[in-house]
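Please examine the sequence and the 3D structure shown below. The briefing that follows is grouped by topic.

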Amino acid sequence: MSIAEDNKAAQTLLNKRALKSEEYRERFMLFGLSMPSLLAILIVVFLPILWLSSLSFYNTAGALSMENYVRIFESDLYRRTFVVTFQISISVTVICVLLGYPLCYWLSKMTDRKAAILMVFVLVPFWTSVLVRTYAWLVLLQRNGIINSTLMSLDVIEEPLQLAHNLTGSIIGMVHIMLPFLILPLYATMRSIDTDLVRAAVGLGSSPRKAFWHVFFPMSLPGLSAGIVLVFILSLGFYVTPALLGGGRVQMLAQRIESTITIYSNWGASSALGVVLLLMALVMIWLMNRVFGLDKLFMR
Amino acid sequence: MSSNVQSLPIEVSSLCKAYGSIKALDHVSLNIAAGEFLTLLGPSGSGKTTLLMALAGFVRPDSGSIRFGDREVIAIPPHKRDLGMVFQSYALFPFMTVAENVAYPLKIRGVSKSDQKTRAERALDTVELSGYGGRRITQLSGGQQQRVALARAMVFEPQIILMDEPLSALDKKLREHMQIELKALHQKLDATVVYVTHDQREALTMSDRIAVINQGQIEQVDTPERLYREPHSFFVADFIGESISLPVTVTNNQAQLSGRKLNSDLPIALGRGGHRLVIRPELLEVTSGPVPKTANDLSGHVHDIIYQGDSVLVIVQHESAGMINVRVPANRAGQKGLPSKGERIGLALHPEDTIIVPEYRS
């Protein structure tokens, strides 16, 4: 072998090693970059959840027991709380879909400019504090609030309607707060649907209404189900609005957790409720993913 | 797919559509014969797509008339026009299988499930995709998707099929292959096809006739050959094929180039503005001796020679008129006789190839 050939072979080997180490360096960089956020999630989310849920397996005397879980399934009070929680969450989700879907459809048919302007009306309330909005609803809905006084001065009603401090008030307030969570993913999905697809259906002989149900609606489903999951899961654990607009008469799960701690300072019982809430949310996500394929939303 | 349905003629008269101050369609009239393959050809923004969408019913014209056979359709919504349509983006439904896509027009028309199946299979067979029915759309290549779109447009045996630049998303080789296939398919189908493209070569390859559209108006409707050899305006001559043009003066139907008379067998179309002599590089003849008396003499000195694979482009400096391009076949035999730079060569433009057009159509 000549010297030149020998040098060339050595260089090839060196290059191979350099390329390999370059590849490792890049991988290590990526891992290093994601390290801070991974650590943060571990410390402020996972560990507290683990610690809190471990509390649920101890009774008030400090002994290991399933007492807290048994009570959730046996106590009438807890059962009522679960029923109310589901009742409100389902109503809020259904109303959000009925209001949000047509709105998104209308927005998605607009020019970019017009849609962007109208989206501001969705986003400004979204960016406003939940507490501020809830109190605003209280002002509007109470016995001598704007809605009741207007309806009465127009002689539509004789007695003021009971709009606040009950289930109705909680649902109205929550729908307003949850609506953007439905609209944002749904609107994004609708906007990305190729208008030629609906045109193709119509061009091939389908009436506009049939084309909507055959083509547009199925294509909007991933966005719709993402919105439904968001609204439903956020509603399950919602606290501020039902607490203020429910007037103490509406007890959702989050309120029950709070009162169990502040009134009875029973950490075990409240963390058991928390664990059940978390499991329900996870089951919900898993179910929606099975039915609608939420993962498709992120894969495209 | 033979059918007992007769294809329909299309009659467009005085169709207008304006977007603000822009006239997308300016009194367009066009007759398309039953069973014809007609291409709407024009640059982007010329109004060709607007015209197609008006035929489909997706664009509402301001005035005019569109007749399919003896049925006036201008106010009829798109889904009642019974058209087959192929879109530029294919517009296949991504959540349906290939077979479901193809059967969709049949499903809409209430055809029985078993009939849907056999007819969809037959349509897929026609576009050489038999056996692909169960596949997802995303599993197909661009060319295959294009063929599914075609099958879907013809499965219900429409009398008219509209196509909006259906091949523009394919790469060059596949596009050229599909052009031939589409042409063959049209001969099998008994349907009037209206095809939109901005690619003049595609239009020449496929069409029975081509309507050249510019600024919302039809410049010329003719067979590919007549459009190429006898354009009526400078726009058509320039848009179709390769050409260079030189200004000429026309008096009493007699054209002159730099003071020398031009012999032409072709009629000079009416128009506005000045006139131009249009020279197609491949129609010029390089003569070894003097240029024949009957032909127009465009001889000059060779300025440059460019090898382009299938041919050689020779750029000739004419004494008074400027640069003239001549295309010479690139076979070895032809290349042996190639002139060298600076050499004087004889160029003959025969009267039957001497195209003189007005600057603007009247």
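Two strands are said to pair if DSSP finds at least two bridges between them. Strands (E, at least two residues) and helices (H or I, at least four) are DSSP runs, numbered from the N terminus. The model is predicted: local features need pLDDT of at least 70 and side-chain atom pairs count only at pLDDT 80 or more, whereas totals for chains, interfaces and linings use all residues. Residues are numbered from 1 along each chain as its sequence is written, and chains are lettered from A and ligands numbered from 1 in the order in which they are written.

**An open sheet in chain B**

- In chain B, five strands make up an open sheet with the order β13-β12-β11-β14-β21, and their pairing is antiparallel.
- At the edges lie β13 (260–261) and β21 (355–361) of chain B, each of which pairs on one side only.
- Within the sheet, β11 (residues 244–251) and β14 (residues 271–279) of chain B are joined by five bridges in the antiparallel sense.
- Ile244(B) has Ile279(B), in β14(B), as its bridge partner.

**Burial and exposure**

- A residue is buried if 20 or more other C-beta atoms, placed from the backbone, lie within 10 Å of its own, exposed if 12 or fewer do, and partly exposed in between.
- Helix α1 (residues 48–56) of chain B is largely enclosed by the rest of the structure, because nine of its nine residues are buried.
- Among these buried residues of α1(B) are Lys48(B), Thr49(B) and Leu52(B).
- Ala75(B) lies in the loop between β5 (71–72) and β6 of chain B.
- Ala75(B) has 9 other C-beta atoms within 10 Å and is therefore exposed.

**Nonpolar cores**

- A nonpolar core is a set of buried Ala, Val, Leu, Ile, Met, Phe, Trp, Tyr and Cys residues joined through C-beta atoms within 7 Å.
- The largest such core has 100 residues, and Val102(B), Ala151(B) and Leu162(B) have the most contacts inside it.
- A second, separate core of 38 residues includes Cys104(A) and Met178(A).

**The contact between the chains**

- Two residues are in contact if their C-beta atoms, placed from the backbone, lie within 7 Å.
- Chain B gives 17 residues to the contact and chain A gives 15 residues.
- On the side of chain B that touches chain A, β6 (83–86) and α2 (98–108) of chain B are the elements that give two or more residues.
- The largest share of that side, three residues, comes from α2(B).
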